[in-house]
Amino acid sequence: MREHPLRAILSRIMRGGSDPSEFELAYVHRGAVDDQMIIKVSGIARLGKGSFLLRDGETQVPFHRVLYVLDSKKILLWRKRQRETA
């Protein structure tokens, strides 16, 4: 089975030569402003097969909740596909 494209990007950021704190990620978080939370990739403790665990050791975020990933220059690296409306 192929690796999730988001997992591949996050893995490359976390294990690559760049600083993960320069990358930003937004995910759906009900109750937050605009129902989304924005974090630095350095806030991720561990990547799983279909989710990641934050450094707080408790918060697990499934990949399907991630909205986008930006680099330090605010260039879009990955964005969740939008459903087409009929």
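User: Let's start with the pockets. Which residues line the largest pocket?
Analyst: His 4, Pro 5, Phe 63, His 64, Trp 78, Lys 80, Arg 81, Gln 82 and Arg 83 line the largest pocket. Keep in mind that this is a predicted model. About 240 Å³ of space lies in this pocket.

User: How many residues of each class does the lining of the largest pocket have?
Analyst: Three are nonpolar, three polar and three charged.

User: What is the volume of the second largest pocket, and which residues line it?
Analyst: The second largest pocket has a volume of about 180 Å³. Its lining is made of Met 1, Arg 2, Glu 3, His 4, Pro 5, Arg 7, Lys 49, Gly 50 and Phe 63. By class, that gives three nonpolar, two polar and four charged residues.

User: Now the fold. How many helices and strands does the chain have?
Analyst: There is one helix, and there are seven strands. Along the sequence they follow the pattern α-β-β-β-β-β-β-β.

User: How should I read a sheet, and what is the strand order of the open sheet here?
Analyst: The general idea is that strands of a sheet pair through backbone hydrogen bonds, either parallel or antiparallel. In this case, three strands form an open sheet in the order β3-β4-β5, and the pairing is antiparallel. β3 (44–47) and β5 (60–62) are at the edges with a single partner strand each, so one side of each has no neighbour in the sheet. From one strand to the next, the twist averages 25°.

User: How many bridges join β4 to β5, and which residue stands opposite Leu 53?
Analyst: Strand β4 (residues 51–54) is joined to β5 by three bridges. Opposite Leu 53 you will find Gln 60 in β5. Helix α1 (residues 5–15) packs on the sheet, where it touches β3 and β4, and its direction makes about 125° with that of β3.

User: What do β6 and β7 form?
Analyst: They form a hairpin with five residues between the two strands. Strand β6 (residues 66–70) pairs with strand β7 (residues 76–79) in the antiparallel sense over three bridges, and Val 69 stands opposite Trp 78 in β7. In the turn, Lys 74 has a positive phi of about 65°.

User: Finally, what radius of gyration does the chain have, and what would a compact globule have?
Analyst: With 86 residues, a compact globule would be near 12 Å; the chain has 13 Å, which agrees. The C-alpha trace spans about 45 × 30 × 30 Å along its principal axes.

Definitions and conventions
Residues are numbered from 1 along each chain as its sequence is written. This is a predicted model: local features need pLDDT of at least 70, side-chain atom pairs count only at pLDDT 80 or more; totals for chains, interfaces and linings use all residues. Side-chain values use heavy atoms; hydrogens and water are left out. On a 1 Å grid over the protein atoms alone, a cavity is a set of points where a 1.4 Å probe fits but cannot get out, and a pocket is an open set with protein on both sides within 12 Å along at least five of seven lines; lining residues have an atom within 4 Å of a point. Grid points are joined across faces, edges and corners, and a volume is the space filled by probe spheres set on the points. Ala, Val, Leu, Ile, Met, Phe, Trp, Tyr, Cys and Pro count as nonpolar, Asp, Glu, Lys and Arg as charged, and the others, Gly among them, as polar. Two strands pair if DSSP finds at least two bridges between them. Helices (H or I, at least four residues) and strands (E, at least two) are DSSP runs, numbered from the N terminus. Axes are lines fitted to C-alpha atoms, for helices over the stretch in contact, and angles run from 0 to 180 degrees between N-to-C directions. Contact means heavy atoms within 4.5 Å. The radius of gyration is taken over C-alpha atoms; the globule rule is 2.2 Å times the number of residues to the power 0.38.
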